[in-house]
Amino acid sequence: MVTVYDVPAEKLILKVAEKLKQNSAIVPPEWAEFVKTGVHTEKAPSQEDWWFTRSASIMRKLYVKGPMGSSKLAAEYGGYRDKGTMPNRAVKGSRNIARKCMIQLEQAGYLVSKDKKGRAISPSGMSLLDNAAKEVYDEMNA
């Protein structure tokens with residue numbers, strides 16, 4: 001059986017993002033086209049559908065790394081802030097984006113809340129990711 005670990009992450013995330021676009025529970029907020037993804041970035045994302053890609057990436061991270069909250073996910077999507085002549089420092093990404101994506105994924109049934117541990121992937125979320133991994137695997141070996 002093909003799982004998330006057997007295929008490249010980038011191809012899997014793009015495949016899952018396509019599937020999330022068809023779900024009516026996953027909708028980018030109206031501010032999504034203007035917002036930066038963290039203090040370490042200079043501009044907003046240039047992709048039109050970056051919200052779905054981030055949601056798919058969050059699903060994969062929760063599948064691989066287990067239950068996480070918005071603060072840990074923000075750290076996963078962080079980077080280095082350019083502080084001019086001072087040394088660059090590591091900073092977290094946007095917690096608001098991580099939190100809103102997790103809320104939408106939970107409402108869609110792909111995540112479940114764990115007490116005091118954050119959110120984890122649900123059985124239907126695992127099924128979605130594994131089915132997408134199987135499709136990617138078949139495309140790669142066809």
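User: Which residues line the largest pocket?

Analyst: In this predicted model, the lining of the largest pocket is formed by Pro 28, Pro 29, Glu 30, Ala 32, Glu 33, Pro 45, Ser 46, Gln 47, Glu 48, Trp 50 and Trp 51.

User: How many of the lining residues are nonpolar, polar and charged?

Analyst: One sorts each lining residue by its side-chain class. Here the lining of the largest pocket comprises six nonpolar, two polar and three charged residues. The space within the largest pocket is about 160 Å³.

User: What is the distance between the closest N and O atoms of Glu 135 and Lys 19?

Analyst: These atoms are 3.0 Å apart, and Glu 135 and Lys 19 form a salt bridge. The pair connects distant parts of the chain, for Glu 135 lies in helix α5 (residues 123-140) and Lys 19 in helix α1 (residues 9-21), 116 residues apart.

User: Which residues are linked with Glu 135 and Lys 19 in a network of salt bridges?

Analyst: Lys 15 and Glu 139 belong to that network together with Lys 19 and Glu 135.

User: Why does Glu 135 count as partly exposed?

Analyst: The class follows from the relative accessible area: under 20% is buried, over 50% is exposed, and values in between are partly exposed. Glu 135 counts as partly exposed because its relative accessibility is 32%. Lys 19, with a relative accessible area of 24%, is likewise partly exposed.

User: Is Arg 119 buried or exposed?

Analyst: Arg 119 is buried, because its relative accessible area is 19% and the cut-off for buried is under 20%.

User: Which residue forms a salt bridge with Arg 119?

Analyst: The partner of Arg 119 is Glu 106, and their closest N and O atoms are 2.6 Å apart. Distant parts of the chain are linked by this pair: Arg 119 is in strand β4 (residues 118-121) and Glu 106 in helix α4 (residues 95-108), 13 residues apart. Glu 106 is partly exposed, at 27% relative accessible area.

User: Which residue meets Lys 65 in a salt bridge?

Analyst: The side chain of Glu 76 meets that of Lys 65, with an N to O distance of 3.1 Å. This pair joins helix α2 (residues 50-65), which holds Lys 65, to helix α3 (residues 70-76), which holds Glu 76. Lys 65 is partly exposed at 48% relative accessible area, and Glu 76 is partly exposed at 32%.

Note on methods. Residues are numbered from 1 along each chain as its sequence is written. This is a predicted model: local features need pLDDT of at least 70, side-chain atom pairs count only at pLDDT 80 or more; totals for chains, interfaces and linings use all residues. Side-chain values use heavy atoms; hydrogens and water are left out. A salt bridge is a side-chain nitrogen of Lys or Arg within 4 Å of a carboxyl oxygen of Asp or Glu. Helices (H or I, at least four residues) and strands (E, at least two) are DSSP runs, numbered from the N terminus. Buried means under 20% relative accessible area, exposed over 50%, partly exposed in between (1.4 Å probe, protein chains only). On a 1 Å grid over the protein atoms alone, a cavity is a set of points where a 1.4 Å probe fits but cannot get out, and a pocket is an open set with protein on both sides within 12 Å along at least five of seven lines; lining residues have an atom within 4 Å of a point. Grid points are joined across faces, edges and corners, and a volume is the space filled by probe spheres set on the points. Ala, Val, Leu, Ile, Met, Phe, Trp, Tyr, Cys and Pro count as nonpolar, Asp, Glu, Lys and Arg as charged, and the others, Gly among them, as polar.
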